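Reader: I am new to reading protein models and would like a close look at one part. Please take a single helix and go through it slowly.

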Amino acid sequence: MCFRSLLRPGRASMVIAFAVICGVVLLVEHRATTLHVKELRADVYNRVTYIRSRLEGNVNGDLQLIRGLAAAIAADPAMSQERFSTFAANLMQTSDRLRHIAAAPGLVVSMVHPLAGNEKALGLDYLATPVQRDAVLKARDTGKLVLAGPIDLVQGGKGLIGRFPVFTNLDGKRRFWGIVSAVIDVEAVFADSGLSAADLPIEVAISARDAPATDSVILGSPDLLRRDPVVVEASFPSTSWRIHAAPASGWEQPSPYAWQVRGFLLAASIFLLLPIVSTGRLIEERQRHIGELSRREKQLSRLSRRLRLALDTSQVGVWEMEIDSKDLFWDDRMNELYGFPADGRLRDYTFWSRRIHPEDMARAEREFRVAMEETGRYHSEYRLLLPGGTIRHIRSIGTVYRDFGEPARIVGVNWDVSADIALNEDLKRAKTLTEARNRELETAKERIEFIALHDSLTGLPNRRYLDQVLAEHVERFAKGEETAGLLHIDLDRFKQINDTLGHAAGDAMLAHTARILRATARAGDFVARVGGDEFVVLCRRPRGNEEEGPSYLTEFAERVIEQVQQPVNHGGQECRIGVSIGIAGDTDAVADPKQLLVHADIALYRAKNRGRNRYQIFNDVLRLEIVSNKNTADDILAAIEQGHFLAHYQPQFDADTLEIVGVEALARWNHPSKGLLPPTAFMKIAEEINVVDVIDRMILEQTLADLASWDRQGIAIPKASVNVSARRLNDDELIESLRRLPLARGRISFELVESIFLDEQDETIAWNVDLIKELGIDIEIDDFGTGYASIVSLMKLKPSRLKIDRQLVLPIVQSIPQRHLVQSIIDIGKSLGIEVLAEGVETMDHARILKTLGCDALQGYAFARPMSAHDLTIFTRERRWRAAS
C-alpha cells in the first residue's frame with residue numbers, strides 16, 4: 001500500500017505533463033497545417049501555370065502553322081488542290097493535332113486535306129450554313145482569326161476550329177479572298193499539354209471565360225469549381241479559358257510536420273514517464289520471466305515427445321560424437337542400422353568405420369574429415385556391409401557445434417535409403433527404356449514425315465513438300481532475301497511406253513528421269529515429282545546473284561532434254577522418251593513468286609504445242625497472249641449468253657444447171673466493238689473453253705428457223721449444211737436434243753471434218769452418226785483430201801456428199817497433175833455413190849473444169865460469198881449468180 005501511494009503523485013505529474021505537451025502539440029500542428037495549405041496552393045499554382053503555358057503554346061503554335069498557309073494562299077490566290085494538299089500535308093506532319101484543313105475562296109469550300117473522308121465538305125457554302133455563318137462573317141469583318149470550340153466532330157471526338165480570313169493585295173488593293181479553316185484535336189492538345197498524364201498530382205477543370213460557371217466546363221468535373229480551386233486564365237485569339245486546379249487528394253491533406261510534433265510529444269512523454277514506467281516494468285519482467293520459464297519447460301517436454309515420435313516413425317537414427325575423443329553416442333535405431341545390439345553402451349569411431357563398405361571407405365572418411373575440419377556441415381551417402389553380406393545404403397547428415405566451455409561436437413542423423421536407391425535404379429532403367437522408345441518413335445515420326453513429303457517411287461519431294469518450299473520462298477522474296485527460277489518438266493511419249501511396255505517400264509523411265517534431274521541440279525536446288533510424269537525443279541538464289549539465273553535455267557533445261565532423250569534399255573527393250581520444259585522466274589519484269597508454278601505450267605503448255613522435246617520461257621508475250629485469250633474467252637461466253645453468234649450462208653450450186661441446191665451455214669460472231677468476225681478469230685479459244693458444241697447448236701437452231709422463213713416466203717433452198725464438232729458428236733444427249741427440233745428429212749446435213757473418221761472410229765461417235773441418219777439428217781465429209789480418211793472408213797460411214805477441200809481445187813486451172821488428183825477423188829465418190837461438191841471455186845474457169853471432171857456441185861466466191869439470211873433472200877430473188885456466171 002505504501003509503495004502504491006508513493007506512485008500516485010508520479011502518475012498525476014505524468015498526466016499533467018502529458019496534457020501540457022498535447023496542448024502545445026495541437027497549437028503547433030494547427031500552424032503547420034495552415035502553412036501546409038499555403039504551400040499546396042503555391043505548388044498547384046506552379047503546376048497549373050506550366051500547363052497553361054503548354055496549352056497556349058500548343059494551340060497558338062498550331063494556329064501559327066495555319067496562318068502560314070493563309071499567307072501562302074494570299075500570295076498565290078490561284079493555288080491548286082494538289083499544291084494545297086502538299087502544303088497542308090507538311091503542316092499536318094509538323095503537328096499531329098491538326099485533324100483537317102479546308103480552304104473556302106468566296107466562302108465556298110473548294111479545297112480540303114485530307115480529302116479521304118471529307119469529300120462531302122467540298123462545295124459547302126458557309127453563308128448558306130447557319131452553324132458556320134456567324135463565325136465566318138466575324139472573321140471576314142474583323143480581318144482577324146476567330147477560334148471556336150471545343151465542338152463535337154462528326155468523325156468522333158472534339159475539336160477547335162480556327163478560321164483565318166485571307167486578303168489578297170493585287171494592284172495595291174486589299175481584297176477579301178475567303179476563309180482558311182483548320183480543325184485541331186482538343187484531346188490531342190490536352191494530352192500534349194500534360195492534362196492526360198496518369199501521374200498528374202492535381203485535378204484540373206477548364207471552363208470558358210464568359211459562360212455560366214456550371215455550363216462552361218470544357219474539361220474535368222464542374223464540382224471542382226466549388227472546391228476553392230486555384231484559377232489561372234489561358235488566352236487565345238478571340239477567346240480565353242479559365243483553368244481551375246486543386247490537389248488530386250484534396251486540400252485536407254495531413255501536414256508533413258505532424259509526425260515531427262507527435263514525435264516531440266512522444267519523446268517528452270517518455271522522458272517524464274520513463275522512471276515510473278521502468279520500475280513497474282522490472283517487476284512485470286520478473287513475473288513474465290518466471291511464467292516464460294514454466295511455459296518453455298512444458299514446450300520442451302511436448303517437443304521431446306514429438307521428436308521421439310517422429311524419430312520412431314521415420315526410422316531415423318541419431319548420433320553424436322565428441323570430435324577430440326572420438327566418443328560416439330548412438331541411439332537404438334543407429335545400433336539397429338549398423339547391426340549392433342541396442343545395449344546403450346558408448347561407441348567409438350571404429351564401430352562406424354568397420355561397417356563401411358570397403359569401396360566407399362575412402363570417400364566416406366574424406367567427407368567426414370572435411371565436415372569436421374573445414375565446412376562444419378556433413379552430408380554423405382555410403383553403403384554398409386553387414387554381417388551375413390547384407391548391403392544397406394545409408395544417407396547421413398550432421399553439423400558441428402560447440403557449447404561454451406565444452407569441446408567441439410558433431411551431431412547428426414542416419415536413415416536407410418536402400419529402398420530409394422532401388423527405386424532410383426528402377427527409374428533409371430525405365431528412363432533408359434523410355435528414351436530408347438522415344439528415339440524409336442522419333443525415327444518412326446521422321447519416317448512418316450518423309451513418306452508424307454516424298455514420292456515413294458523416286459524418293460523425290462512431292463507436291464505437298466513443294467507447296468511448303470514455295471510458301472517459304474514467297475516470304476523470303478517479300479523480305480528481299482532471295483529470288484528463284486522454276487522448271488516444270490513433263491515427259492513426252494511416256495503414255496505410249498506405259499501402254500505398250502507396262503507400268504514397270506513407265507516406273508523405270510520415271511526413276512531414270514529423277515536420277516538425271518538430281519545429277520544435273522546444283523546443291524540447294526529443289527527437285528520434286530508433282531504428278532504422274534511431271535517434275536519441278538526450284539532454283540533459289542540469294543538476292544544479288546540474279547545474273548546467273550536465266551542462263552543457268554536454260555542450260556539446265558538443255559542438259560536435261562539432251563540426257564533424257566538418250567535411249568534406256570528396259571527388259572531388253574530400248575525405250576526413248578523426251579521432255580518438255582516450262583521455265584518461269586521471279587527475277588524478270590513479270591516477277592510474281594506466288595505464280596511461279598502457274599507461269600511455268602503455261603510455258604510448258606506452249607512448249608508442248610510447239611512440238612515437244614523443247615523448253616519455253618514464260619515472258620511478256622505469253623502473259624499478253626494469256627490475257628488476250630482470257631478476254632476473248634470472256635467475250636465468247638458473253639456472246640453466247642447474249643445471242644451474238646449468227647448464221648451466215650454460202651450458196652451451193654448444181655454444176656450443170658447452176659441452180660441453188662443448198663447452203664452451208666457458217667458461224668459468225670457479231671462482236672460489239674470489232675464487228676463481224678469469222679471462225680478463225682474465235683474457234684480455237686472456243687475449243688479450249690469447250691463451247692464449240694454450244695455454238696454448233698445455236699447455228700443449227702438459227703438455220704432451222706431461217707429455212708422455215710424461206711419456205712414461208714416461197715424461196716427454194718432445198719437443204720442446209722451445218723458444221724458439227726467432234727465434241728458434239730461425243731455428247732450422249734445429242735440425239736435427244738435433235739429429236740426435240742423441227743427436223744424435216746433431207747433438209748439438214750451435218751458436215752464432219754475428215755480427221756474425225758479414222759479407220760478405228762470412236763464407238764460413241766459411230767453410234768451417234770447412225771442415229772443421226774435415222775433422224776433424216778444427211779452426213780457430209782468436209783475438207784476431204786486433207787485428213788486421214790480411207791476408202792474403208794468412207795464405206796463404213798456412207799456419207800451423202802464429199803466436199804473437196806479448196807486447197808486441192810485452187811491449183812487445177814494451172815496444174816494438170818492437180819486436176820488429175822481432183823478427178824480421182826470425184827471418181828472415188830462416183831464409184832461409191834457419193835455426191836461430190838468442190839469448195840473454193842474462185843473463178844468461172846474453175847467451174848467449167850470441175851463440170852468437165854464430173855463434179856456434182858460447186859461452192860465458192862465465183863458465185864457468192866457467205867451472207868446473212870436477209871441478204872440471201874434478196875440474192876435468191878434477184879438470181880444474182882446468173883450475172884456472175
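In which hand, left or right, does α17 pass α25? Please build the answer around α25.

Author: The crossing of α17 past α25 is right-handed. This is a predicted model, and the rest of the answer should be read with that in mind.

Start with the whole chain. The protein chain has 26 helices and 31 strands. It holds 885 residues, of which 41% count as buried. Among contacts between residues at least 6 apart in sequence, 60% join residues at least 24 apart.

Now the helix itself. Helix α25 covers residues 869–878, and its buried residues are A869, L872, T873, F875 and T876. These residues lie on the same side of α25, because they cover an arc of only 165 degrees around the axis. An α-helix has 3.6 residues a turn, so residues three or four places apart point the same way. The exposed residues H870 and R877 sit on the face of α25 turned away from its buried side. After the helix comes R879, whose phi is positive, near 50 degrees.

Next, the neighbour. Two packed helices are described by the angle between their axes and the distance between the axes. Helix α17 spans residues 692–713, and its axis comes within 11 Å of that of α25, with a crossing at roughly 35 degrees. On the α17 side, the contact is made by D706, W710 and Q713, and α25 contributes A869, L872, T873 and R877. Sorted by type, the contact of α17 with α25 has 3 nonpolar, 2 polar and 2 charged residues. A869, L872 and T873 are buried residues of α25 and also belong to this contact. R877 takes part in the contact as well, although R877 is one of the exposed residues on the face turned away from the buried side.

A second pair can be set beside this one. Helix α11 (residues 494–501) and helix α12 (residues 503–520) have axes that come within 6 Å and cross at roughly 145 degrees. F494, I497, N498 and L501 of α11 meet H503, A505, G506, M509 and L510 of α12. The contact of α11 with α12 consists of 6 nonpolar and 3 polar residues, with no charged ones.

Last, the cysteines. A search of the whole structure finds 0 disulfides. C575 counts as buried, at 2% relative accessibility. C855 is buried too, with a relative accessible area of 4%. Both count as buried because the cut-off is under 20% relative accessible area.

Notes
Residues numbered from 1 in each chain as written. Predicted model: local features only at pLDDT ≥ 70, side-chain atom pairs only at ≥ 80, totals over all residues. Heavy atoms only, no water. Buried < 20%, exposed > 50% of the residue type's maximum accessible area, 1.4 Å probe, protein only. Helix = DSSP H or I, 4+ residues; strand = E, 2+ residues; numbered from the N terminus. Arc of directions from axis to C-beta. Disulfide = S-S within 2.5 Å. Axes fitted to C-alpha atoms, helices over the stretch in contact; angles between N-to-C directions. Left-handed = near helix turned anticlockwise from the far one by under 90°. Contact = heavy atoms within 4.5 Å. Nonpolar A, V, L, I, M, F, W, Y, C, P; charged D, E, K, R; others polar.
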